[in-house]
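Please keep the sequence and the structure in view while reading.

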Amino acid sequence: MKPALLVIDMLKEFVYGKLKSPSATTIIPFIKTLVEKAREKNIVVIYLADKHYPFDHELKIWGPHAMISDEEAEIIEDLKPSSRDIVLYKRSYSGFRDTGLATILRDLGVDTLILTGIHTHICVLHTAIDAYYERFKLIVVKDAVAAFSNEDHEYALKYMHQVLGAELKTTSHVIELLDKLA
Ligand code: ZN
């Protein structure tokens with residue numbers, strides 16, 4: 001297994017601002033633990049971050065959010081990327097759309113994606129769907145993803161497991177898995 005750790009949309013606006021989820025702050029320590037372990041094991045950490053132009057399609061549904069020049073669109077302080085990490089900006093739900101993510105993963109020889117971040121039923125789900133079509137194996141860290149409601153969260157986890165074949169694991173289980181890698 002050659003994994004990459006994906007941290008999706010842990011932006012100020014989505015964690016503390018207008019589009020926050022009640023559980024968004026609770027996943028921060030779990031993601032932090034995973035990021036630190038990944039760096040220790042030389043596993044690539046890829047941050048996917050919404051950054052919108054005023055004409056973006058998605059704004060018709062959600063209104064302006066994570067706008068291109070807005071400080072609210074920055075990744076939260078607690079999870080600041082290091083210079084070794086990769087940061088990709090996206091203009092729609094999926095981290096694969098118009099970002100070059102698939103090419104980067106292939107260049108790195110990655111075969112498995114470990115998904116964390118928000119929201120379980122929107123950007124995490126859409127990234128998982130595209131990852132499925134791109135033939136990557138999926139591990140969704142169930143205590144390191146969050147949605148607006150528990151119902152949205154549980155529905156998306158079930159969908160990713162049943163329809164996309166994603167393994168659902170806890171942070172501690174994933175840490176054990178990564179510790180076993182050379
Ligand atoms: Zn967006």
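Which protein donors hold positions around the zinc ion, and how far from it do they lie? They are Asp-50 (OD), His-52 (NE2), Glu-58 (OE) and His-65 (NE2), at 1.9 to 2.1 Å from the ion. The model is predicted: local features need pLDDT of at least 70 and side-chain atom pairs count only at pLDDT 80 or more, while totals for chains, interfaces and linings use all residues. Residues are numbered from 1 along each chain as its sequence is written, and side-chain values use heavy atoms, with hydrogens and water left out.

**The zinc site**

Donors are N, O and S atoms within 2.8 Å of the metal (3.2 Å for Na, K and Ca); water is not among the atoms, so sites may look incomplete. Along the chain, the zinc donors follow the spacing D-x1-H-x5-E-x6-H. The angles among the four donor atoms run from 92 to 157°, and the site is irregular. Four donors count as tetrahedral if all angles lie between 85 and 135 degrees; four count as square planar and six as octahedral if opposite donors are over 155 degrees apart and all others between 65 and 115; anything else is irregular.

Asp-50 and His-52 are both buried. Buried means under 20% relative accessible area, exposed over 50%, and partly exposed in between (1.4 Å probe, protein chains only). Asp-50 has 1% relative accessibility and therefore counts as buried.

**Salt bridges**

A salt bridge is a side-chain nitrogen of Lys or Arg within 4 Å of a carboxyl oxygen of Asp or Glu. By this rule, the model has 12 salt bridges. Three of them are listed below.

| Pair | N to O distance |
|---|---|
| Glu-13 and Lys-18 | 3.4 Å |
| Arg-39 and Asp-85 | 2.6 Å |
| Lys-90 and Asp-50 | 2.9 Å |

Helices (H or I, at least four residues) and strands (E, at least two) are DSSP runs, numbered from the N terminus. Lys-90 is buried, because its relative accessible area is 1%. Asp-9, Asp-50 and Lys-90 are linked in a network of salt bridges.

Thr-120 lies in the loop between strand 4 (112-118) and helix 5 (123-133). Because its relative accessibility is 0%, Thr-120 counts as buried. The side chain of Thr-120 makes a polar contact with the side chain of His-153 at 2.9 Å, and it reaches the backbone nitrogen of Ala-147 at 3.5 Å. A polar contact is a pair of N or O atoms within 3.5 Å; within protein, one must be able to donate a hydrogen and the other to accept it, and residues adjacent in sequence count only if both atoms are side-chain atoms.

Tyr-47 is placed in strand 2 and counts as buried at 2% relative accessibility.
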